[in-house]
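Dear colleague,

Please find the structure below, with its sequence. The findings follow directly after it.

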Amino acid sequence: MIKLIALDLDNTLLEKDLTIAEKTLSLLRECADRGITIVIATGRLYYSAAKYAKQIGPSTKVLCYNGCLVTEADGTPIFKAELTPDIMRRVADFAKALPWVFIQKAHANVKGCAAPTLNRPIADFIKFFKGGK
């Protein structure tokens, strides 16, 4: 007996117009009504995946950020794997010493995270990968 269906979004569940086909939506809802757990599993951000979970139904789970966050369709966390601000600072400090670009992405769940930043000029990055120092 099937107990769980896990689906990626891009090139799997979603059509080219980024919608779920009505037939697919109907089948997934029927599966959920029969007690089968539906999970959207994606590398996307939570907010990008949640709207699809809500379309399927309230029992749908969302596994996002490549597995670092698992929630109910309404956003209630089931599992979170977060880096502490101290560890993030230590990684950033380590990366600053490296001869390539380090991109720090903004994260909605981390206080003090700003917009993406580069700690090295892009010219240094290009030069490094062309064999320069």
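Contact here means heavy atoms within 4.5 Å. On that basis, and leaving aside residues up to four places away in sequence, Tyr-46 touches Val-62, Cys-64, Tyr-65, Leu-69, Thr-71, Glu-72, Ala-73, Asp-74 and Gly-75.

The model is predicted, with local features requiring pLDDT of at least 70 and side-chain atom pairs counting only at pLDDT 80 or more, while totals for chains, interfaces and linings use all residues. Residues are numbered from 1 along each chain as its sequence is written, and side-chain values use heavy atoms, with hydrogens and water left out.

Helices (H or I, at least four residues) and strands (E, at least two) are DSSP runs, numbered from the N terminus. "Buried" denotes under 20% relative accessible area and "exposed" over 50%, with partly exposed in between (1.4 Å probe, protein chains only).

Tyr-46 is also among the residues with the most contacts inside the largest nonpolar core, together with Leu-9, Leu-13, Ile-20, Ile-40 and Ile-56. This core has 22 residues; the term describes a set of buried Ala, Val, Leu, Ile, Met, Phe, Trp, Tyr and Cys residues joined through side-chain atoms within 4.5 Å. Two or more residues each come from H1, H2, E2, H3 and strand E3 (61-64), and H3 gives the most, with six. In soluble globular proteins, nonpolar side chains tend to be buried together.

Helix H2 (residues 22-33) has Leu-25, Leu-28 and Ala-32 as its buried residues. Seen down the helix axis, these fall within an arc of 65° (taken from the directions from the axis to the C-beta atoms), so they line one face of H2. Their cover includes strand E1 (4-7), helix H1 (9-13), strand E2 (37-41) and helix H3 (46-56). On the face turned away from the buried side, H2 carries the exposed residues Glu-22, Lys-23 and Asp-33. Just after H2, Gly-35 takes a positive phi of about 95°.

Strand E3 pairs with E2 in the parallel sense over three bridges; strands count as paired if DSSP finds at least two bridges between them. Leu-63 in E3 is the bridge partner of Ala-41. Strand E4 (residues 69-72) runs antiparallel to E3, joined by four bridges, and Lys-61 stands opposite Glu-72. E3 and E4 form a hairpin with four residues between them, and Tyr-65 in the turn has a positive phi of about 50°. Val-62 and Cys-64 make up the covered face of E3, Lys-61 and Leu-63 the uncovered one.

Yours sincerely
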